[in-house]
Amino acid sequence: MPGADEENSWLIVGQVGKPHGVHGDVLVGIITDFPERLADGVRFGVGDASAQLEFHHVHRVRFHKGNWLLSVKGMRDREAIEAWRGRFLFLPEQALEDLPEGYYYEHHLVGLECRSPEGDVLGEVTGFDPGEGQSRLVVRTGNRERLVPYVPEIVSEVNIADGFVIIDAPKGLLDDDAIEAR
């Protein structure tokens with residue numbers, strides 16, 4: 001890999017599906033909140049889940065049935081693009097300050113200490129679950145992991161610099177004092 005690529009953090013933004021047409025276009029499942037970042041002329045990586053292995057440039061990209069339909073500069077062979085099936089597309093990580101307010105990368109959240117609004121330590125973020133309808137933090141409290149809805153009413157503050165999140169947890173979310181339904 002060229003030196004400049006080693007300096008960047010590359011993140012998975014899509015997964016390559018089946019070829020489309022006879023000229024080397026390919027369908028790519030979108031795995032990002034910012035699909036507009038993959039645009040004509042953009043440099044991207046292709047590889048397995050652990051790292052990008054090769055780099056290319058987008059010739060043309062458009063949306064097709066909820067996926068990207070990608071044409072790659074210099075690749076007009078359906079068989080060559082078929083070899084990419086199942087691999088991942090990578091784009092360079094955006095700077096934290098370039099993300100919209102309230103957006104963070106999962107790896108920035110994992111390891112943060114969870115605190116109550118009063119400052120009591122509640123646990124630690126061990127993961128992020130995008131969920132079907134709602135994203136959730138995975139929080140370890142003692143020897144249990146609990147899912148905390150990632151909504152501003154519950155996760156009221158994220159402080160990456162100081163290493164904590166404020167969780168205003170309703171009764172039963174992070175403890176065993178759930179209110180019984182009748």
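In this predicted model, about 170 Å³ of space lies in the second largest pocket. Gly102, Tyr104, Tyr150, Val151, Pro152, Val155, Ser156, Glu157 and Val158 make up its lining. Sorted by class, six residues of this lining are nonpolar, two are polar and one is charged.

The largest pocket comes next, with a volume of about 700 Å³. Its lining draws on 21 residues, and those nearest the centre are Asp33, Tyr104, Tyr105, Glu106 and Phe128. Two elements, strand E1 (10–20) and helix H3 (106–109), each supply at least two residues of the lining of the largest pocket. Its lining divides by class into 13 nonpolar, five polar and three charged residues.

A pair of aromatic rings is described by the distance of the centres and the angle of the planes. The structure holds three such aromatic pairs. One of them joins Phe44 and Trp84 in an edge-to-face arrangement, with 6.2 Å centre to centre and 80 degrees between the planes. This pair links distant parts of the chain: Phe44 belongs to strand E3 (residues 43–48), while Trp84 sits in the loop between helix H2 (78–82) and strand E6 (88–92), 40 residues apart. Both Phe44 and Trp84 are buried.

Phe128 and Tyr150 form an aromatic pair as well; their ring centres are 5.6 Å apart and their planes stand at 85 degrees, so this pair is also edge-to-face. Phe128 is found in strand E8 (residues 121–129), and Tyr150 in the loop between strand E10 (144–149) and strand E11 (155–159), so the pair ties together parts that are 22 residues apart in sequence.

A contact of another kind involves a charged side chain and a ring. Here Arg115 lies over the face of Phe164, at 4.1 Å from the ring centre.

How values were computed. Residues numbered from 1 in each chain as written. Predicted model: local features only at pLDDT ≥ 70, side-chain atom pairs only at ≥ 80, totals over all residues. Heavy atoms only, no water. 1 Å grid on protein atoms, 1.4 Å probe; cavity = no way out; pocket = protein on both sides within 12 Å on 5 of 7 lines; lining within 4 Å. Points joined across faces, edges and corners; volume = space filled by probe spheres on them. Helix = DSSP H or I, 4+ residues; strand = E, 2+ residues; numbered from the N terminus. Nonpolar A, V, L, I, M, F, W, Y, C, P; charged D, E, K, R; others polar. Phe/Tyr/Trp six-rings, centres within 6.5 Å; stacked < 30°, edge-to-face > 60°. Buried < 20%, exposed > 50% of the residue type's maximum accessible area, 1.4 Å probe, protein only. Lys NZ or Arg CZ within 6 Å of the ring centre and 35° of its normal.
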